[in-house]
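Please open the structure in a viewer and follow the stops below in order. Each stop names a selection and then describes what is found there.

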Amino acid sequence: MSEPAETTQTTRRGFLSTAATAMTAASYQRVLGANDRIGVGFIGFGLIGKQHVADFKKFKDVDLVGLCDTYKPRVQEGVEYMANPNAKGYSDFRKMYENKDIQGVVVATPDHWHALLTIMACAAGKDVYVEKPMTVFIDEGKWMVQAARKYNRIVVVGTQRRHGSGVAAAKKVVESGTLGKIHSIRIASYRNIYPGFGKTPVENPPSELDYETWLGPAPKRPYQNHRSLYHFRWFWDYSGGQMTNLGAHTIDQVLWLMNVKGPSMVMSTGGRFALEDDGETPDTQDAIWMFPGFTVNYAIREANGMRGDNATRGQVYHGTKGNLVLAGNYEVVPEMRIDPVNDIPRFMGHPIGGPVYSNTKPTPWIQPSKGGVESDARYGTGGEDTMSMNERDWLESMRTRKRPLCEVEDGHRVAIACHLANMSLRLGRAIRWDPEKEQVIGDKEAAAMCVRPYRAPWDGVLKSLVKV
């Protein structure tokens with residue numbers, strides 16, 4: 001592992017023309033105010049990490065203190081982008097955790113680092129905003145909840161879409177019983193990126209990347225470009241594909257709207273059938289979760305845009321009296337009240353003694369309604385800035401110590417549902433689950449998949465902080 005290194009911002013190239021760069025450290029402090037700011041450090045300056053930095057730059061009560069990444073060019077770019085003359089760049093997150101000016105840490109690394117970085121931040125006395133998916137296997141979530149409670153920290157998970165006004169309104173519709181008995185929910189995540197991102201050879205990692213630290217607790221593997229920046233999520237060592245990526249957002253909303261902890265059974269099929277690249281996770285996946293009184297059906301397609309499929313509009317909650325379509329905004333579509341006899345096929349008509357048709361005309365069970373702000377059903381973009389809402393909620397919870405809306409236990413539960421689907425796919429059979437005890441029922445092989453060993457020395461670090 002490389003020696004810890006710490007660098008301060010020494011160059012302004014790339015933003016010399018901005019007003020922020022003209023500030024001295026003293027003037028920067030005066031602008032923000034000295035007493036009411038929260039010091040924030042960032043780990044990971046990738047696609048989402050940069051978005052977080054951009055968001056927190058807008059908050060007047062935040063001081064952007066530090067940024068850490070295993071890819072050196074991103075450390076320099078990220079610190080410059082923070083536009084704070086006092087900001088420091090780090091190649092070792094442990095040195096950043098020692099900075100007493102940092103009260104909160106934003107974890108936006110590849111998924112396999114989320115759990116340990118969060119646990120270590122909690123132990124260091126930092127509150128945490130951790131991106132989803134929160135974990136790469138089920139027991140990591142248990143350890144994260146344990147750490148948050150043990151060290152009395154605020155831990156928020158990046159499942160921000162439940163902050164949307166339309167989602168909150170949809171929850172009220174569901175809880176009111178307006179839709180009747182909700183018995184099934186249909187979801188789809190879709191795009192067509194055929195033939196995929198191609199294949200990358202095994203080679204030496206670039207000198208600017210600390211690949212050993214990037215791997216961290218994950219298994220030691222030869223370097224390929226796709227195993228690193230951005231494309232990591234298509235490899236089982238580091239992520240769970242689109243099930244844990246996009247699924248974390250949609251399944252989170254299902255659990256929240258339906259007020260359930262988790263499924264009792266999960267079945268999933270699929271594979272990497274169409275894309276011609278070096279990824280491992282499914283490009284085609286269908287999953288069914290059984291909950292008390294209803295099922296959830298989720299279709300993932302990476303090589304077909306599902307044109308013409310109504311599920312592409314968003315989540316569809318099917319009730320006996322109406323349907324609710326949710327994608328940032330919500331729309332209630334009534335079902336029709338009929339005489340059930342009239343829906344029996346007529347053909348030549350029933351002989352004597354059979355059902356007797358009536359003259360009852362179909363009428364709507366309920367009135368249509370809609371509300372909220374529409375967003376992209378897959379990525380949540382184009383509507384309200386729910387990520388910013390979630391970040392603000394984290395900051396307010398840091399001050400009040402009250403439970404945030406997207407708390408670590410919520411992230412753990414949605415991750416469980418996603419992991420169970422992937423476990424079912426990989427095992428080729430259904431998995432029964434006890435959501436109260438958080439245990440697999442009657443399947444030793446599936447139970448063993450709920451935990452993976454960390455690589456040294458990170459296994460020892462984990463065991464020193466939480467009970468494993």
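Throughout this tour, two residues are in contact when they have heavy atoms within 4.5 Å. The model is a predicted one.

**Confidence**

Begin by colouring the chain by pLDDT. The mean for the protein chain is 92, and 92% of its residues reach 70 or more. Next, select residues 1-34, where the pLDDT is below 50. Beyond near neighbours in sequence, this stretch has 60 contacts in the model.

**Helix H12 and Ser424**

Select Ser424, which is found in helix H12. Is Ser424 buried or exposed? Its relative accessible area is 1%, and buried means under 20%, so Ser424 counts as buried. Show its surroundings, leaving aside neighbours within four places in sequence: Ser424 is in contact with Val266, Met267, Ser268, Arg429, Ala430 and Ile431.

**The nonpolar cores**

Now display the largest nonpolar core, which has 45 residues. Those with the most contacts inside this core are Ile185, Ile251, Met258, Trp289, Val296 and Leu324. Helix H12 (residues 408-427) provides the largest share of the core, eight residues.

Centre the view on Trp289. Not counting residues up to four places away in sequence, the residues that Trp289 touches include Met243, Ile251, Pro263, Met265, Phe294, Val296 and Tyr298, as well as Ala417 and Ala421. A second, separate core has 36 residues, among them Cys68, Ile102, Leu116 and Ala147.

**The largest pocket**

Select Leu47, Ile48, Gly49, Glu131 and Arg233, the closest to the centre of the largest pocket among the 48 residues that line it. The space in this pocket is about 1,100 Å³. Which helix gives the most to the lining of the largest pocket? That helix is H2, with five residues. Helices H2 (47-57), H5 (114-123), H8 (211-215), H9 (241-245) and H11 (386-400) each supply at least two lining residues. Coloured by class, the lining shows 18 nonpolar, 19 polar and 11 charged residues.

**The largest cavity**

The model has five cavities of 30 Å³ or more. To find the largest, select Arg161, Ala327, Gly328, Ser375 and Gly380, which lie nearest its centre among 20 lining residues. About 180 Å³ of space lies within this cavity. Strand S8 (182-192), helix H10 (247-258) and strand S14 (322-327) each contribute at least two residues to its lining. The lining comprises seven nonpolar, 10 polar and three charged residues.

**Backbone geometry**

Most residues other than glycine have a negative phi, and most peptide bonds are trans. The next selections may be viewed with that in mind.

- Select Tyr194 and Pro195, which are joined by a cis peptide bond with omega of about 10°. Pro195 is in the loop between S8 and H8.
- Select Ala456 and Pro457, where a cis peptide bond has omega of about 5°. Pro457 is in the loop between helix H13 (444-448) and helix H14 (458-465).
- Select Asn259, in the loop between H10 and strand S9 (265-271). Asn259 has a positive phi of about 55°, and at 64% relative accessibility this residue is exposed.
- Select Met306, in the loop between strand S12 (303-304) and strand S13 (315-319). Its phi is positive, near 55°, and Met306 is buried, with a relative accessible area of 10%.

**Helix H3**

Finally, select helix H3 (residues 72-82), in which Val75, Gly78, Val79, Glu80 and Met82 are buried. Ala83 follows H3 and has a positive phi, near 60°.

Key
Residues are numbered from 1 along each chain as its sequence is written. This is a predicted model: local features need pLDDT of at least 70, side-chain atom pairs count only at pLDDT 80 or more; totals for chains, interfaces and linings use all residues. Side-chain values use heavy atoms; hydrogens and water are left out. On a 1 Å grid over the protein atoms alone, a cavity is a set of points where a 1.4 Å probe fits but cannot get out, and a pocket is an open set with protein on both sides within 12 Å along at least five of seven lines; lining residues have an atom within 4 Å of a point. Grid points are joined across faces, edges and corners, and a volume is the space filled by probe spheres set on the points. Helices (H or I, at least four residues) and strands (E, at least two) are DSSP runs, numbered from the N terminus. Ala, Val, Leu, Ile, Met, Phe, Trp, Tyr, Cys and Pro count as nonpolar, Asp, Glu, Lys and Arg as charged, and the others, Gly among them, as polar. Buried means under 20% relative accessible area, exposed over 50%, partly exposed in between (1.4 Å probe, protein chains only). A nonpolar core is a set of buried Ala, Val, Leu, Ile, Met, Phe, Trp, Tyr and Cys residues joined through side-chain atoms within 4.5 Å. pLDDT is the predictor's confidence in each residue, from 0 to 100.
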